[in-house]
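I opened this notebook to keep track of what I looked up, entry by entry. The sequence and structure come first, and my notes follow.

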Amino acid sequence: MQQRNKGGRPRKFVREEALDRALALFWERGYEATSMADLALAMGMHSPSIYAAFGSKEDLFREAAARYEQRFASRLNRLLEEAPTAVSAIRAFFTEAIETYVECARGCFLVMATANGPADSAVVQERLAGKRERGLQAIRARLERGRREGDLDPSCDVDALAAYVITVAQGLAMQARQGVPRETLALVTQTALAGIERHGWP
């Protein structure tokens, strides 16, 4: 499949580049507010070519969400696993989340892509909810590991701590979307970590 550049000469279709443009648009506008015409313009493709290469709009969104996980979410999960302690893991998680949210200036894709979406995006919302749940469980697993290894108080509520970490991260995403600088977001995470240390770390 080929596209035409501004000079009218065909250029090779690069799937990853087109998918990144679709991801950026879904991330900025959300699923429902992004039309096929918007996608065609952003991706530099005609709508029939998009359908041929990616399937339906929902199929394209699903692939864009997988691209997000590949590029961002998987990096955060790796940080959780590689950090030597639970507290350093959560600190690294917050730091990387801030950098991602501020760098992209769009917040968290898994939150923003369906924010305030209408009921007819229920299938998409359900899919992203599953991805968010996996993120929550990754945090919980790292905290549970910390409890086993002595980083966390054995009596702490791991479920509540994991939910708190995700809630803070989602708040950071919303603030980054509104243009709050990374320095302010970093102060928020310091406060959150102090609270976690008082209630979870021995």
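Does arginine 75 count as buried, partly exposed or exposed? I looked it up: arginine 75 has 28% relative accessibility and counts as partly exposed. I note at the start that this is a predicted model.

Entry on confidence. The protein chain has an average pLDDT of 81, and 81% of the residues score at least 70. I found the lowest confidence in strand β2 (residues 10-12), where the mean is 43. Helix α2 (residues 36-43) has the highest, at 93. Over residues 1-12 the pLDDT stays under 50. For residues 1-12 the model still has 22 contacts beyond four places in sequence. Where pLDDT is low, the predicted coordinates should not be read in detail. I left that stretch alone.

Entry on salt bridges. I wrote up some of them.

I returned to arginine 75 and looked for its partner. Its side chain meets that of glutamate 96 in a salt bridge, at 2.5 Å from N to O. Glutamate 96 belongs to helix α5 (residues 86-104) and arginine 75 to helix α4, so I noted a link between distant parts of the chain, 21 residues apart. Is glutamate 96 buried or exposed? I read a relative accessible area of 18%, which means that glutamate 96 is buried, since the cut-off is under 20%.

Next I looked at glutamate 63, which forms a salt bridge with arginine 15. The closest N and O atoms of this pair are 2.9 Å apart. The two residues are 48 apart in the chain, with glutamate 63 in helix α4 (residues 57-82) and arginine 15 in helix α1 (residues 15-29). I looked up both accessibilities. Glutamate 63 is partly exposed at 25% relative accessible area, and arginine 15 is partly exposed at 29%.

I then turned to helix α7 (residues 122-149). Arginine 145 and glutamate 149 form a salt bridge there, and their closest N and O atoms are 3.1 Å apart. Why are they separated by about one helical turn? They are separated by that much because they lie four residues apart in the helix. Glutamate 149 has a relative accessible area of 46% and is partly exposed. I also found that shared partners join Glu81, Arg145 and Glu149 into one network of salt bridges.

Entry on aromatic rings. I searched the whole structure and found five aromatic pairs. One of them is phenylalanine 26 with tyrosine 31, a stacked pair with 6.1 Å between centres and 20 degrees between planes. Both of these residues are buried. Phenylalanine 26 also pairs with phenylalanine 61, and here the centres are 4.9 Å apart. The planes of these two rings stand at 85 degrees, so I logged the pair as edge-to-face. Phenylalanine 26 is in helix α1 and phenylalanine 61 in helix α4, so this pair ties together parts 35 residues apart in sequence. I read 0% relative accessibility for phenylalanine 26 and 0% for phenylalanine 61, and each counts as buried. Phe26, Tyr31 and Phe61 form one aromatic cluster.

Last, I checked what sits over the ring of tyrosine 31. The charged end of lysine 57 does, 4.4 Å from the ring centre.

Definitions and conventions. Residues numbered from 1 in each chain as written. Predicted model: local features only at pLDDT ≥ 70, side-chain atom pairs only at ≥ 80, totals over all residues. Heavy atoms only, no water. Salt bridge = Lys/Arg side-chain N within 4 Å of Asp/Glu carboxyl O. Buried < 20%, exposed > 50% of the residue type's maximum accessible area, 1.4 Å probe, protein only. Phe/Tyr/Trp six-rings, centres within 6.5 Å; stacked < 30°, edge-to-face > 60°. Lys NZ or Arg CZ within 6 Å of the ring centre and 35° of its normal. pLDDT = per-residue confidence, 0-100. Contact = heavy atoms within 4.5 Å.
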